[in-house]
Amino acid sequence: MTRTGHGRTRAMPVLAAALSLLLALPAAAAELLSPFKDRLFAYPATLAEADGGRHVTVDYREERDINGRDEVPERRVHGTYVDLGVRRAQKDLVAATAAGRIAHMAVGRQEKARFIVVYLHGQGGSRRQGMDDFTFGGNFNRIKNLAAGNGGLYLTVDFPDFGAGGARLVAELAGHYAARSPGAPVFVACGSMGGGLCWRLADDAALAPRLGGLLLLGSHWDEGFFASRAFKRKVPLFFGHGGNDRVYPVEKQEAFFRAILARAPGYPARFIRFETGSHGTPIRMSDWRATLNWMAAGR
């Protein structure tokens, strides 16, 4: 420091230069997603932790997390949870690909996106499920806003089945947009039976190298994952599961999660158990921002 004539301190040029350098650090050093209604979507209290903090059991209560959150339970969330301005960035599209014409919906940048998130529905769903602003506690509206507000792209898609045909179609659509956004990580979130597609995509020769993470939301397990390209690359995995899931028992998904840690102790995997939650609870309650930021930080 040097003194001015009035007794005040003035930073030396070296310090000023250091500060300028700090402020000029690339955006890549920051989190992938900036906050959006974080307080409203934060996890309730933690009940227990295991596996070195990678398995967390959180408090879930239907009276609070559905009845208190929704204007019409399970059909329409209270308005404070959503921002409908994002609808201006939403489009219903058809893409011409090698797998045929693919009906899908998109929110955000269709070119030069910083990241791509693909949501795959379960049995009986459609591309419209993941674009519904008011169901599932407004959580789909949140990922739409997170994508649009952070230079990303969010996609939902119709597919014919949960097997090879559906996986090929999803891979083609993801590749179609990934080619327009070189370097953008592709995160695939699979609800319920849609998990069958997540596991197939984990070994897709074209898509697996682009994967930034897989999110299994109330979904199932597949030991074929251990032989996949994604497993070998240590693509991050997120498991969200209800403690009272009667479709896919939570204990079986937890056993699969721990089998992954046993095979590869340093594997980037996290498990959030929503105690007392049902089959659809992870779609309502999983924190998109926290999960995607964690996945991106490990790339």
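By class, the lining of the largest cavity comprises five nonpolar, three polar and one charged residues (Ala, Val, Leu, Ile, Met, Phe, Trp, Tyr, Cys and Pro count as nonpolar, Asp, Glu, Lys and Arg as charged, and the others, Gly among them, as polar). The model is predicted, so that local features require pLDDT of at least 70 and side-chain atom pairs count only at pLDDT 80 or more, while totals for chains, interfaces and linings use all residues. Residues are numbered from 1 along each chain as its sequence is written, and side-chain values use heavy atoms, with hydrogens and water left out.

The structure holds one cavity of 30 Å³ or more, a cavity being a set of points on a 1 Å grid over the protein atoms alone where a 1.4 Å probe fits but cannot get out, with lining residues having an atom within 4 Å of a point. The volume of the largest cavity is about 40 Å³, a volume being the space filled by probe spheres set on the points, which are joined across faces, edges and corners. Its lining consists of N139, L215, L217, P282, I283, S286, D287, W288 and T291. At least two lining residues each come from strand 12, helix 9 (281-285) and helix 10; helices (H or I, at least four residues) and strands (E, at least two) are DSSP runs numbered from the N terminus.

Helix 10 also packs against helix 4 (residues 139-149): the two axes come within 10 Å and cross at roughly 45°. Axes are lines fitted to C-alpha atoms, for helices over the stretch in contact, and angles run from 0 to 180 degrees between N-to-C directions. Helix 4 and helix 10 are therefore oblique to each other, a class left after angles under 35 degrees (roughly parallel), over 145 (roughly antiparallel) and 65 to 115 (roughly perpendicular). N139, F140, R142, I143 and L146 of helix 4 meet W288, R289 and L292 of helix 10, contact meaning heavy atoms within 4.5 Å.

An open sheet of 10 strands has the order 3-4-14-13-12-11-9-10-8-7, with mixed pairing; two strands pair if DSSP finds at least two bridges between them. Strand 3 (46-50) and strand 7 (90-97) stand at the edges with a single partner strand each, so one side of each lacks a neighbour in the sheet. Helix 10 (residues 288-297) lies across strand 9 (116-120), strand 11 (186-191), strand 12, strand 13 and strand 14, at about 145° to strand 12. Helix 8 (residues 250-263) lies across strands including strand 3 and strand 14 (269-275), and runs at about 160° to strand 14.

Strand 7 and strand 8 (residues 100-108) pair in the antiparallel sense over eight bridges and form a hairpin with two residues between them. Within this pair, V94 has A103 as its bridge partner, and A96 stands opposite R101. Strand 8 also pairs with strand 10 (residues 153-157) in the antiparallel sense, over five bridges, where A106 stands opposite L155.

Notes:
On a 1 Å grid over the protein atoms alone, a cavity is a set of points where a 1.4 Å probe fits but cannot get out, and a pocket is an open set with protein on both sides within 12 Å along at least five of seven lines; lining residues have an atom within 4 Å of a point.
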